[in-house]
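This report describes the sheets, the helices packed on them and a few single residues. The structure is shown first.

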Amino acid sequence: MISDDASSSDFDPGTLGLETLAIRAGHERTHEQEHGEPIFPTSSFVYGSAAEAARKFKGEEPGNVYSRFTNPTVRNFEQRLAALEGGERCVATSSGMAAILSTALALLEAGDEVIVSRSVFGSTIALFDKYLAKFGIKPRYVELNDLAGWEAAITPKTKLLFAETPSNPLNELVDIAALADLAHRHGALLAIDNCFLTPALQRPLDLGADLVIHSATKYIDGQGRAIGGAVVGRHAELEQLFGVVRTCGPSMSPFNAWIFLKGLETLSLRMEAHSRNALALAQWLETQPAVERVYYSGLESHPQHALACQQQRGFGAVMGVEVKGGQAAAWQVIDSTRVMSITGNLGDVKTTITHPGTTTHGRLSDEQRASAGIRDGLIRLAVGLETLDDLKADLARGLDRHS
């Protein structure tokens, strides 16, 4: 049992449930004995002597040095998320894209190759193709669920496999355990982007992945308030990532870390509610005459529904909805909404709706979009926590015009 005046150091995280860890883990109370986690909005820290400063700068003595890489609030968030994902360590970053960039900078060098699923976020593709490729890191793209394709793409230069599962926005999956085994047989690491499900619904490290990457901006926050990212894994790889954040500076701010701490407290409840609303809405959308197809792994019609049930504890909030009539029809449905927010972001308690082909994946070439399955009639929904009937009515307004 945890007493009201106990710090997180007084209990073993391995003995506690996810919901308890989401509320309690990582908080080391100060001498003020605060109940809520404090924010430390300071750029630097003072020392009792020059010798103490020297020891802390050299890493010979634990303690804070400079908030670019050591801050108590950020550390609290890192320790809590690591506990939730079952990882040894977490390094927080300024955004989800900064987390991916830091991973690549830490673990890859000129001449290395990385295999990436085609169905990752559009900015991830741009990062590998436009920027990392300039420094001699070669990306190879494969279909997410084609394990034979992953293996065929591996060469002696392959150092990292990178996948987003479920994918954005088509809800494609990869068998994480099988992909991890494949990576390790070839001496490579596996990184899984887990921002759509969070540790509340999926724990890739338990399935053999080496690294878990998050855009904390999404469901970890849950209310669209802050930008941040994180990488969770073993000490060996995370120490290299920490070096990138310390030197290059893609750091999380203390205020944002505090917001994410508050978000984690309700993570399990929110993800359960998101999943419940999304499944009911997806089932309803499948019955609408104007809908060509619904992409949601919680549906029995999804080709990988059995795999989703096997490696996930829920199905999340994000789905793709393809309507008949192409872009014009998709835009009509989007523009007819009055409750939903038309925005490219997701992870909010507010339902968001967007047209991926002209927003989140708009920077990709026509060929890249086609390869990723982003068709003109595709809409992405990130289902929030509003009353389900209100969401149905909001979509019906536009869908009925095309039925």
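## A buried glutamine

In this predicted model, the side chain of Gln312 has a polar atom 2.8 Å from the backbone oxygen of Gly314. Gln312 sits in the loop that connects α12 (305-311) with β9. Its relative accessible area is 6%, so Gln312 is buried. Leaving aside residues up to four places away in sequence, Gln312 is in contact with Pro166, Leu173, Leu197, Leu201, Gln202 and Ser297.

## The seven-strand sheet

In what order do the 7 strands of the open sheet run? The order is β1-β7-β6-β5-β4-β2-β3, and the pairing is mixed. The edges are taken by β1 (89-93) and β3 (138-142); each has a single partner strand, so one side of each has no neighbour in the sheet. On average, and with direction ignored, neighbouring strands of this sheet are turned by 20° against each other.

Strand β5 (residues 189-193) pairs with strands β4 and β6. With strand β6 (residues 211-215), β5 pairs in the parallel sense over 3 bridges, and Asp193 stands opposite Ile213 in β6. Helix α4 (residues 96-107) packs on this sheet and touches β1, β4, β5, β6 and β7 (229-233). The direction of α4 makes about 150° with that of β6. Helix α9 (residues 235-248) also packs on the sheet, where it touches β1, β5, β6 and β7; its direction makes about 25° with that of β1.

On the other pairing, strand β4 (residues 158-164) runs parallel to β5 and is joined to it by 5 bridges. Leu160 has Leu189 of β5 as its bridge partner. Is β5 enclosed or open to the outside? Of its 5 residues, 5 are buried, so β5 is largely enclosed by the rest of the structure. Leu189, Ala191 and Asp193 point one way from the strand, while Leu190 and Ile192 point the other way.

## The five-strand sheet

A second open sheet has 5 strands in the order β8-β9-β12-β11-β10, again with mixed pairing. Its edge strands are β8 and β10 (341-342), each of which pairs on one side only. Strands β11 and β12 run antiparallel and are joined by 3 bridges. Thr354 stands opposite Arg380 in β12.

Helix α11 packs on this sheet, in contact with β8, β9 and β12, and its direction makes about 15° with that of β9. Helix α13 packs on the sheet as well, touching β9, β10, β11 and β12, with a direction at about 125° to that of β9. The buried residues of α13 are Ala329, Ala330, Val333, Ile334 and Ser336. These residues pack against β9, β10, β11, β12 and α15.

## Helix α15 and its cover

Helix α15 (residues 388-399) has 12 residues, and at 1.5 Å a residue it should span 16 Å. Buried in α15 are Leu391, Asp394, Leu395, Ala396, Gly398 and Leu399. An α-helix has 3.6 residues a turn, so residues three or four places apart point the same way. The elements covering the buried residues of α15 include α11 (267-285), β8 (291-295), β9 (318-323), α13 (326-336), β11 (352-354) and β12 (378-382).

## Ser268 and the cysteines

Ser268 belongs to helix α11. Its contacts, not counting residues up to four places away in sequence, are Leu18, Glu19 and Ala200. Ser268 and Thr198 are 70 residues apart along the chain, and their C-alpha atoms are separated by 9.1 Å.

How many disulfides does a search of the whole structure find? The search finds 0. For Cys90, the closest cysteine sulfur is that of Cys195, 14 Å away, which is too far for a bond.

| Residue | Relative accessible area | Class |
|---|---|---|
| Cys90 | 4% | buried |
| Ser268 | 16% | buried |
| Cys309 | 42% | partly exposed |

Ser268, at 16%, counts as buried because the class takes in values under 20%.

How values were computed:
Residues are numbered from 1 along each chain as its sequence is written. This is a predicted model: local features need pLDDT of at least 70, side-chain atom pairs count only at pLDDT 80 or more; totals for chains, interfaces and linings use all residues. Side-chain values use heavy atoms; hydrogens and water are left out. Helices (H or I, at least four residues) and strands (E, at least two) are DSSP runs, numbered from the N terminus. The expected span of a helix is 1.5 Å times one less than its number of residues. Buried means under 20% relative accessible area, exposed over 50%, partly exposed in between (1.4 Å probe, protein chains only). Contact means heavy atoms within 4.5 Å. A polar contact is a pair of N or O atoms within 3.5 Å; within protein, one must be able to donate a hydrogen and the other to accept it, and residues adjacent in sequence count only if both atoms are side-chain atoms. Two strands pair if DSSP finds at least two bridges between them. Axes are lines fitted to C-alpha atoms, for helices over the stretch in contact, and angles run from 0 to 180 degrees between N-to-C directions. A disulfide is a pair of cysteine sulfur atoms within 2.5 Å.
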